[in-house]
Amino acid sequence: MKNCLVVDDSKVIRKVARHILESLDLTVSEAVDGQDALTQCEASPPDVVLLDWNMPVMSGMEFLQALSSAKVAARPKIIFCTTENGISHIKAAVEAGADEYVMKPFDRETLESKLAIVGVI
Amino acid sequence: MPLSPAGTAVFQGAARILSGLLEARTGQILSEGRAWRMETALRPVLRVHGLQTIDDLAAQLLRKQDPRLDEDVVNALLNNESSFFRDLQIFDMIHRQILPRIQEERGERTLRIWSAGCSTGQEAYSLAIRLCNDAERWQGWRIEILATDISTAAIEQARSGIFSQMDVQRGLAVGDLIKWFEPHGEDWRANSVLRRMIDFRRDNLFDARAPSGEYDLLLCRNVLLYFTPARRGDVLQLLARHSHAGSVLLLGAGETVIGQGDDFLPHPDFRGGYAPKALASDRAGRPVRRAG
């Protein structure tokens, strides 16, 4: 089974995402901020990261930048998942290396289609 | 808002009137699944027309005083569910296998596609996006995409190119969103390049007036399932009349031509696709070249 790392400082969002992702036959791990996510990626990179933008300690964009220079065995696919829904944010995320972008609120169909687009399911 | 309880004799009488209207106007039958959601679907119609119950609505329809009411009821009862790149593997097959084959076999540099039962247009826009992303391959080609649907509301939305945030997230890659859509208030709008590529027309699938001539690729996905078997045969006959020997027909995942007349047979080369009978029976994987 493929693994998804859900990175979000909101416990509720992590819980909702976990519920959906597990129903799509993915195993799920969680991180509360970008630094936590980076540590987990270095230890054992997931197949895909569902990444919030605004988080304490290390934001989603800072995580993306740090990941590019981190010692990670295999770069995971990155799906931003955020309330930052403006086109300037979307473009910035893609330019920074995000593979996909989910605008909150999201549902099962949205996540499923984005995971299919990045080739995880 | 008080509605007649489903299952009561009065409600069932009204439901028969409503399903009769739908079948008369569209040929579609109201399956058990859709009958179940009839009340929810019709709430906005009741509100707009100042009616209290489904029975009031049925009575008003019988008076035949307001043609707009008929139209609104039909639009509400039709299932307009759609999404971009629905069944992604189908679009991959179109892009990687079917269109290259059509391109190879065409005698003239014209590609004609018909999205029959296009709903709110996502299928047609998905095709247009793939073609635009592959512009070099299609340079010098004339591309015609016809997209038809019986629902006036669906066609109006399709033609506007405006989709909600939720719509664009279902199946549309972020790269395509950035490249081919523009923010439109809280929504997103397909840009003018995409909109100009598609001819959206309101039309039915029985005495259809919008299609003309033959199409290379015909998509009629998740449409036949709403018709009776006899009507399905009629629709396939119509599609066959607008096909040529090298055309490819694609239906929904749960749909088939088997047992629906003999106009199409499973395509010998494209899994899940269908070919006009003449091609399928003559061909054993050999390309058929046709004059343009």
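Predicted model: local features only at pLDDT ≥ 70, side-chain atom pairs only at ≥ 80, totals over all residues.
Chain B contains an open sheet of seven strands with mixed pairing. A contact between the chains takes 10 residues from chain B and 15 residues from chain A.

**Helix α2 of chain A**

- Helix α2(A) spans residues 34-43, and its buried residues are A:Gly34, A:Ala37, A:Leu38 and A:Cys41.
- These residues lie on the same side of α2(A) because they cover an arc of only 100° around the axis.
- A:Thr39 and A:Ala43 are exposed, and they sit on the face of α2(A) turned away from its buried side.

**Sheet of chain B: order and edges**

- The strand order of the sheet in chain B is β6-β2-β1-β7-β8-β10-β9.
- Strands β6 (198-202) and β9 (264-266) of chain B form the edges, each pairing on one side only.
- From one strand to the next, the twist averages 25°.
- Helix α8 of chain B (residues 152-160) packs on the sheet, where it touches β2 (142-149) and β6 of chain B.
- The direction of α8(B) makes about 160° with that of β6(B).

**Strand pairings in chain B**

- Strands β1 (residues 110-116) and β7 (residues 215-220) of chain B are paired in the parallel sense, with three bridges.
- Opposite B:Ile113 stands B:Leu217, which belongs to β7(B).
- Strands β8 (residues 243-251) and β10 (residues 273-276) of chain B are paired in the antiparallel sense, with two bridges.
- B:Leu249 has B:Tyr274 in β10(B) as its bridge partner.
- The pairing of β9(B) with β10(B) is also antiparallel, over three bridges.
- B:Leu265 has B:Ala275 in β10(B) as its bridge partner.
- A hairpin is formed by β9(B) and β10(B), with six residues between the two strands.
- In the turn of this hairpin, B:Gly272 has a positive phi of about 85°.

**Contact between chains A and B**

- The contact takes 15 residues from chain A and 10 residues from chain B.
- On the side of chain B that touches chain A, the elements giving two or more residues are α9 (165-169) and α10 (174-180) of chain B.
- Helix α10(B) gives the most to this side, with three residues.
- The residues on this side of chain B comprise five nonpolar, four polar and one charged.

Methods: Residues numbered from 1 in each chain as written. Chains lettered and ligands numbered in written order. Pairing = 2+ DSSP bridges. Helix = DSSP H or I, 4+ residues; strand = E, 2+ residues; numbered from the N terminus. Axes fitted to C-alpha atoms, helices over the stretch in contact; angles between N-to-C directions. Contact = placed C-beta atoms within 7 Å. Nonpolar A, V, L, I, M, F, W, Y, C, P; charged D, E, K, R; others polar. Buried ≥ 20, exposed ≤ 12 C-beta atoms within 10 Å, placed from the backbone. Arc of directions from axis to C-beta.
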